[in-house]
Amino acid sequence: MPMELKGSCHCGAVRFKLQSSTPVPYQLCLCSICRKVGGVGGSINLGGHAKTLEVEGKEHVSVYNAVFDRDTPKERRASSQRNFCSKCSSMLWLWDETWPDLIHPFASAIDTELKPPKVMTCLLTNSKPEYVRLPEGEKKVYKKYPSLSIEEWHKENGEFVE
Ligand SMILES: [Zn+2]
Ligand SMILES: [Zn+2]
């Protein structure tokens, strides 16, 4: 059975739960979007089963389709939807119609206890400013993307929950 994750925004207007087969918070993304919306150190993204998502307080959920290449002729919107609480701005989950069965809750919104990973994966570090430090402890650092998806990493590390 996949693991149930319960989450909420900071003010409590939005509460949600979903099933996850990939619940280890090992992947810290330091891209400019994850740092701007998630705070200086970036965002940790989990994986879940989109069909199992149940939301209380849906009326308070707003969506941000990230802007790529802002202020250039190539400016465009991401298809992925970052859902957040419109009352307190907490980031909740990311969903993309291109992969409709997947959903990526932000670990910061999850209230269920999560297992600390032995080794963190830090990605897109080439987009962070010098002053942003990486988390303490063992880590693998990628200037761009790691080769393993969230699902592949969980399978390789014996953490995938069928
Ligand atoms: Zn809120
Ligand atoms: Zn990112």
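Predicted model: local features only at pLDDT ≥ 70, side-chain atom pairs only at ≥ 80, totals over all residues.

Trainee: Okay. How many helices and strands does the protein chain have?

Mentor: The protein chain has 2 helices and 14 strands. Its radius of gyration is 15 Å, close to the 15 Å that the globule rule gives for 162 residues, so the chain is as compact as a globular protein of that length.

Trainee: And what box do the C-alpha atoms fill?

Mentor: Roughly 40 × 40 × 30 Å, taken along the principal axes. Of the 162 residues, 31% are buried. Take the contacts with a separation of 6 or more: 56% of them link residues 24 or more positions apart.

Trainee: What domain does UniProt annotate?

Mentor: An unreviewed UniProt entry carries the annotation "domain: CENP-V/GFA" for residues 5–154. That span is 8% helix and 34% strand. Its end C-alpha atoms lie 16 Å apart.

Trainee: On to sheets. What is the strand order in the open sheet of 5 strands?

Mentor: The order is 5-12-11-10-7, and the pairing is antiparallel.

Trainee: Which strands stand at the edges there?

Mentor: Strand 5 (48–49) and strand 7 (61–64). Each has a single partner strand, so one side of each is left without a neighbour in the sheet. Further in, strand 11 and strand 12 pair over 2 bridges. Trp 93 has Pro 105 in strand 12 as its bridge partner.

Trainee: Where does strand 13 pair in the parallel sense?

Mentor: With strand 14, over 3 bridges. Strand 3 and strand 13 also run parallel, joined by 3 bridges.

Trainee: New topic. Which residues touch the most other members of the largest nonpolar core?

Mentor: The core has 32 residues, and those touching the most other members are Leu 28, Cys 29, Leu 30, Leu 92, Trp 93, Phe 106 and Ala 109. Elements giving two or more residues include strand 3 (27–29), helix 1 (32–38), strand 11 (91–96) and helix 2 (150–156). The largest share, 5 residues, comes from strand 11.

Trainee: Why would nonpolar residues gather like that?

Mentor: In soluble globular proteins, nonpolar side chains tend to be buried together.

Trainee: Back to Trp 93. What is it in contact with, leaving aside neighbours within four places in sequence?

Mentor: Asn 83, Ile 103, His 104, Pro 105 and Phe 106.

Trainee: Last one: why does Leu 102 count as partly exposed?

Mentor: Leu 102 has 17 C-beta neighbours inside 10 Å. A buried residue needs 20 or more, and an exposed one has 12 or fewer, so Leu 102 falls in between.

Trainee: And where is Leu 102?

Mentor: In strand 12 (residues 102–105). Leaving aside neighbours within four places in sequence, Leu 102 is in contact with Gly 47 and Ala 50. Gly 48 is 54 residues away along the chain, yet the C-alpha atoms of Gly 48 and Leu 102 are separated by 6.0 Å.

Technical notes:
Residues numbered from 1 in each chain as written. Chains lettered and ligands numbered in written order. Core = buried A, V, L, I, M, F, W, Y, C linked by C-beta atoms within 7 Å. Helix = DSSP H or I, 4+ residues; strand = E, 2+ residues; numbered from the N terminus. Contact = placed C-beta atoms within 7 Å. Pairing = 2+ DSSP bridges. UniProt positions renumbered as here; feature names shortened; annotations may be inferred. Rg over C-alpha atoms; globule rule 2.2 N^0.38 Å.
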